[in-house]
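Here is a short walk through a model. Keep the coordinates open and follow along.

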Amino acid sequence: MLDTKGTLCPLPVLRTSQAIKQVKVGEVLEVLATDPGSKPDLTAWARMTGNELVDATEEPGNPKVYRFQIRRTK
Amino acid sequence: MIGLALVSQTKEAEAGRRANRLVLVVTKNTIDQVYPPLILATTAAASGLEVDIYFTFWGLKLLDKKSHTKTKLASVGNPALPMPNILGVLPGMTAMATKMMKGQIKKYWPTIPEMMQQAKDLGVRFHACSPTMGLMGIQEKDLIPMTDDVVGASTFLDWATSAGTATIFV
């Protein structure tokens, strides 16, 4: 699990790109973020890198917490 | 399975249309003009793009050992600052605006030198503009070790006009 809560763009994406290398191909990395741009940004990052954004959910709160499941594909 | 095949076809089509190299031109050395290209460079490299940054004019100061860590925020001619614009010319105002901005930035982002190192670690290439070096009296020995090479306009245009390259001028 990668916790990027409290950081702003580009750190959620930069840390995700590092953390995804620490899981095996086919495994899922969970990422937590509070950056309001993290959902479109991680979606775009996954599309560009070919990794799979399996699920993205939002948990209400202040700030709102975004929870992502990303499968490493290569 | 049909759905999967469609997805992979879409991806292939998209791969052909999408640039795989980003070239950034950095011409300024103020906090507000340096963070955006560094953010784009690191993110692009982390997204699988090849990235080159061409440092020219004041931007070259970022590759100069003497000024590498000294990027400031302009207090003169910056109407977005939360104070009467005319006060920007007072002695010490640039230093004060810089200190306040850096204090705020520190909560969220690495410093500019740290971010440049991150970019290097991700494979971003740094190029010094040769005519600017002549203009500002900067020699190769004055450049920080992160600098990959010294190039001129033709080299830059060769990259910028290659298929699959996106270029952004800051």
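**From the contact to the fold**

Nine residues of chain A and seven residues of chain B make up the contact. On the side of chain A that touches chain B, α1 (11-19) and α2 (38-49) are the elements giving two or more residues. That side holds six nonpolar and three polar residues, with no charged residues. Bear in mind that this is a predicted model.

Now turn to chain A itself. Its secondary structure is two helices and four strands. Along the sequence they follow the pattern β-α-β-α-β-β.

The four strands form an open sheet in chain A, ordered β1-β2-β4-β3, with mixed pairing. β1 (2-3) and β3 (52-59) of chain A stand at the edges; each has a single partner strand, so one side of each is left without a neighbour in the sheet. Elsewhere in chain A, β2 (residues 28-33) pairs with β4 (residues 65-71) in the antiparallel sense, over six bridges. Within that pairing, Glu30(A) has Gln69(A) in β4(A) as its bridge partner.

Next come the helices. α1(A) packs on the sheet and touches β1, β2 and β4 of chain A. Its direction makes about 160° with that of β2(A). α2(A) lies across β2, β3 and β4 of chain A, and runs at about 175° to β3(A).

A compact globule of 74 residues would have a radius of gyration near 11 Å, and chain A agrees, with 11 Å. Of its 74 residues, 28% count as buried. Among contacts in chain A with a separation of 6 or more, 60% join residues 24 or more positions apart.

Notes. Residues are numbered from 1 along each chain as its sequence is written. Chains are lettered from A and ligands numbered from 1 in the order in which they are written. This is a predicted model: local features need pLDDT of at least 70, side-chain atom pairs count only at pLDDT 80 or more; totals for chains, interfaces and linings use all residues. Two residues are in contact if their C-beta atoms, placed from the backbone, lie within 7 Å. Ala, Val, Leu, Ile, Met, Phe, Trp, Tyr, Cys and Pro count as nonpolar, Asp, Glu, Lys and Arg as charged, and the others, Gly among them, as polar. The radius of gyration is taken over C-alpha atoms; the globule rule is 2.2 Å times the number of residues to the power 0.38. A residue is buried if 20 or more other C-beta atoms lie within 10 Å of its own, exposed if 12 or fewer, and partly exposed in between; C-beta atoms are placed from the backbone. Two strands pair if DSSP finds at least two bridges between them. Axes are lines fitted to C-alpha atoms, for helices over the stretch in contact, and angles run from 0 to 180 degrees between N-to-C directions.
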